[in-house]
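Take a moment with the model below. The text then walks through its helices and charged pairs.

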Amino acid sequence: MTGAPRRAPHADAPSVSRSRRAPAPILALTGALRGIGRAARNAWVEARSGERPILVVLVIALGLAVVMLSGPFERYADGRARVEATRSTADTLDEEIARLERRVEHLEDPANLELLAREQQGMIRPGEVAYTLVPPQVDRPVISAPRGGEAEAAAPPWYARAWDTVRSWF
């Protein structure tokens, strides 16, 4: 025998068995995949050179048709979705138009118009006495300090506070 001399294994290296095998389910899976690969390869060779070369042409044509028609079909589906969205928007706008037309009819009634003028504008007829109810003053909680006081003069401006914050990081 010629070649490199065999080396003795290191004493501290773990021994590795040359007959290591994968678990049975993995071996079964790889065997099944190899069988499928062989069958596909044999079918391809037979279809290319055998009795049915037209089958290969049909498969390729079908693949090209799918690739070429996927873009127009997607645009068609998007267009249908836009049409549906536009129809729903048109229905909503029609309902709003009907509501506004009812409101116009309501405002054209002189009694309703007078009522709105009295309530919202405070209008009165000649000879009537107008009065207004003013709610009593209620002590409200102070949310912030009053402006122009010492609190505003003592606080530094925002850019000085920002600079101090950045400086404190370093």
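This is a predicted model: local features need pLDDT of at least 70, side-chain atom pairs count only at pLDDT 80 or more; totals for chains, interfaces and linings use all residues.

Residues are numbered from 1 along each chain as its sequence is written, and side-chain values use heavy atoms, with hydrogens and water left out.

Start with helix 2, residues 53-108. Helices here are DSSP runs of H or I, at least four residues, numbered from the N terminus. Helix 2 has 56 residues and spans 82 Å from first C-alpha to last, close to the 82 Å expected. The expected span is 1.5 Å times one less than the number of residues. Helix 2 bends by about 35° at Ser 70, and Pro 72 follows within four residues. The bend is the angle between axes fitted to the seven residues ending at a residue and the seven starting there.

Now the charges. A salt bridge is a side-chain nitrogen of Lys or Arg within 4 Å of a carboxyl oxygen of Asp or Glu. The count comes to 6. In helix 2, Arg 87 and Glu 84 lie 3 residues apart, about one turn. Their closest N and O atoms are 3.4 Å apart. Glu 96 and Arg 99 form another salt bridge, at 2.6 Å. Glu 96 is partly exposed at 35% relative accessibility; buried means under 20% relative accessible area, exposed over 50%, partly exposed in between (1.4 Å probe, protein chains only).

Asp 164 and Arg 167 meet in a salt bridge at 3.6 Å, N to O. Arg 167 is exposed, at 54%. Shared partners join Glu 114, Arg 118, Arg 125 and Glu 128 into one salt-bridge network.

Methods: Helices (H or I, at least four residues) and strands (E, at least two) are DSSP runs, numbered from the N terminus.
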